[in-house]
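User: Please take me through the packing in this model. Keep the answers brief.

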Amino acid sequence: MIASAPTPQELLTIAVEVARDAAATAHRMRAEGVSVAATKSTVTDVVTAADRAVERQVLEALRARRPGDAVLGEEYGAGETGPAAEDGVRWIVDPIDGTVNYLYGLPYCAVSLAAEVAGEVVAGVVRNVVTGDEWTATAGGGAWRDGQRLRCSAETDLGQALVATGFGYDAGRRAHQARVVAELIPQVRDIRRMGAAALDLCLAAEGRVDAYYEKGLAAWDLAAGGLVAREAGLLVTGLSGRPPGPDLVLAAPPALHEPLHTRLAALDASGGP
């Protein structure tokens, strides 16, 4: 007898339990003091001891609940789980999205955990480490925060849109991204750069910013927050027909997507280093 595949809601229940415990650990470790354990792409792209400890906790919690699943994490990659089966479950975790904010004690960092089945993200949770704010979504089941279903911004005028973005750590990439922002900012209400992609996507999902774009996102940056954004009605794409990914992620309401896409394409927002 073959066991039936878990439903998105069942996977979300696990994700929420694991993410809440992980966020509590990150919060406790921040109160005890943060230490930089390593750097990644540049000397400013840091990894804290908490990043590693939290991801290890998530990996062990998922292994205890669903030992046959694969896990992809920012710090340990595929960990010890190996690749997911073709129709199996893969968990995608960012233990602390917004590590530099976490390092400096800024209240804009989160645990992000998503479940992917057969290559499609079907459940996700993003939990702010500091405030406890929590966003969840399941494929086809909507995006939610505090029992309220989320709807993206109804803004239709790009000139009135508050747009969030982020920057990479490589100096050449930052210079290119700064040029894009300099050209875009006169054409929108304003730009916000807060330093945690998963949270930016969640804020766009509830209309606290009107749209979001960024170059350089990895799977763990996008998986859970991207699902929350899509389920709230945002179009989440790349540029020029490409899927969202490292080249660019654009999340915008349907009325803003085309004009913002046109400007970002003209500015070569997916180009540069």
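**Helix packing and domain contact**

User: How are H5 and H6 oriented to each other?

Analyst: This is a predicted model, where local features need pLDDT of at least 70, side-chain atom pairs count only at pLDDT 80 or more, and totals for chains, interfaces and linings use all residues. Residues are numbered from 1 along each chain as its sequence is written, and side-chain values use heavy atoms, without hydrogens and water. Helix H5 (residues 197-205) and helix H6 (residues 219-231) pack at about 5 degrees, axes 8 Å apart. Angles under 35 degrees count as roughly parallel, so H5 and H6 are roughly parallel.

User: Which residues of H5 make the contact with H6?

Analyst: Contact means heavy atoms within 4.5 Å. The H6 side includes Leu 222, Gly 225 and Val 228. The H5 side is Ala 197, Ala 198, Leu 201, Cys 202 and Ala 205.

User: Which three residues supply 29% of the area that domain 1 buries against domain 2?

Analyst: The domain assignment gives domain 1 (8-149) and domain 2 (158-267). Together they bury about 2200 Å² (accessible area, 1.4 Å probe, lost on being put together, summed over both). Carbon and sulfur atoms carry 66% of it. The three residues are Asp 97, Tyr 108 and Trp 135.

User: How many salt bridges does the rule find across the interface of domain 1 and domain 2?

Analyst: The rule asks for a side-chain nitrogen of Lys or Arg within 4 Å of a carboxyl oxygen of Asp or Glu. Glu 206 and Arg 145 meet it at 3.0 Å, N to O. Across the interface, the count is one.

Methods. Axes fitted to C-alpha atoms, helices over the stretch in contact; angles between N-to-C directions. Helix = DSSP H or I, 4+ residues; strand = E, 2+ residues; numbered from the N terminus. Parallel < 35°, antiparallel > 145°, perpendicular 65-115°, else oblique. Domains from an automatic or database assignment. Buried area = accessible area lost by both parts, 1.4 Å probe.
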